[in-house]
Amino acid sequence: MEYTINGKSNPSTLSSKASSTYLILDVTLKNNGNEAVTVDSSFFRLKRSEKTYEADSTASMSANQKEDGTIDNSFSSQKLNPDSEISGKVVFDVAPEVAKASDLQVQVQKDAETELIDLN
């Protein structure tokens with residue numbers, strides 16, 4: 001799997017309500033393997049020092065919803081075939097100071113291992 005973080009944002013509104021603040025990552029995944037992979041928002045974890053934050057799957061679906069109500073690339077048990085890629089949004093519900101922190105990393109799933117990507 002190849003991961004690209006295209007950007008991050010802190011929106012003031014989403015159709016679901018944050019407990020604290022939403023941090024939205026715009027990501028692209030490419031399957032460089034030989035078999036289909038089931039992609040899920042659980043492939044992404046936000047890291048800050050020793051703390052780990054899980055993605056909010058409901059908010060992620062909401063962030064990927066179009067105006068007509070359809071949802072593309074929700075990262076919810078979605079199959080990704082070899083040599084294919086998908087783009088979409090992964091959402092984290094975190095404290096405001098975490099969302100604005102400069103030392104955030106994203107932990108991504110790569111086969112049986114993980115990789116850290118800096119969010120500068």
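In the predicted model, S41 is located in the loop that joins β3 (37-39) to β4. Its relative accessibility is 5%, so S41 counts as buried, the limit being 20%. Beyond its neighbours within four places in sequence, S41 makes contact with A55, S57, S60 and F75. Of the elements concerned in the confidence values, helix α1 (residues 57-63) has the lowest mean pLDDT, 84, whereas strand β5 (residues 51-54) has the highest, 96. For the protein chain as a whole, the mean pLDDT is 86, and 92% of the residues reach 70 or more.

S49 belongs to the loop between β4 and β5 and has a phi near 55°, a positive value in a residue other than glycine. With a relative accessibility of 59%, S49 lies over the 50% limit and therefore counts as exposed. D83 occupies the loop between β6 (78-80) and β7. Its phi is also positive, at about 65°, although D83 is not a glycine. The relative accessible area of D83 is 63%, so this residue is exposed.

The strand arrangement was considered next. Strands of a sheet pair through backbone hydrogen bonds, in either a parallel or an antiparallel sense. The antiparallel pairing of β1 with strand β2 (residues 21-30) extends over 7 bridges. Within this part of the sheet, G7 is placed opposite D26 of β2.

A pair of aromatic rings is described by the distance of the centres and the angle of the planes. The count for the model comes to 1 aromatic pair. It is formed by Y3 and F44, whose ring centres are 5.7 Å apart and whose planes meet at 90°; the pair is therefore edge-to-face. Since Y3 lies in strand β1 (residues 2-9) and F44 in strand β4 (residues 44-48), the pair ties together parts that are 41 residues apart in sequence. Y3 and F44 are both buried.

In soluble globular proteins, nonpolar side chains tend to be buried together. The largest nonpolar core of the model comprises 26 residues, and those with the most contacts inside it are Y3, L29, F44, L46, F92 and V94. At least two residues of this core are supplied by each of β2, β4, β7, α2 (96-99) and β8 (105-110). When residues up to four places away in sequence are not counted, V94 touches S20, T21, L23, L46, Y53 and A99.

Note on methods
Residues are numbered from 1 along each chain as its sequence is written. This is a predicted model: local features need pLDDT of at least 70, side-chain atom pairs count only at pLDDT 80 or more; totals for chains, interfaces and linings use all residues. Side-chain values use heavy atoms; hydrogens and water are left out. Rings of Phe, Tyr and Trp (its six-membered ring) pair if their centres lie within 6.5 Å; planes under 30 degrees apart count as stacked, over 60 as edge-to-face and the rest as tilted. Helices (H or I, at least four residues) and strands (E, at least two) are DSSP runs, numbered from the N terminus. Buried means under 20% relative accessible area, exposed over 50%, partly exposed in between (1.4 Å probe, protein chains only). Contact means heavy atoms within 4.5 Å. Two strands pair if DSSP finds at least two bridges between them. pLDDT is the predictor's confidence in each residue, from 0 to 100. A nonpolar core is a set of buried Ala, Val, Leu, Ile, Met, Phe, Trp, Tyr and Cys residues joined through side-chain atoms within 4.5 Å.
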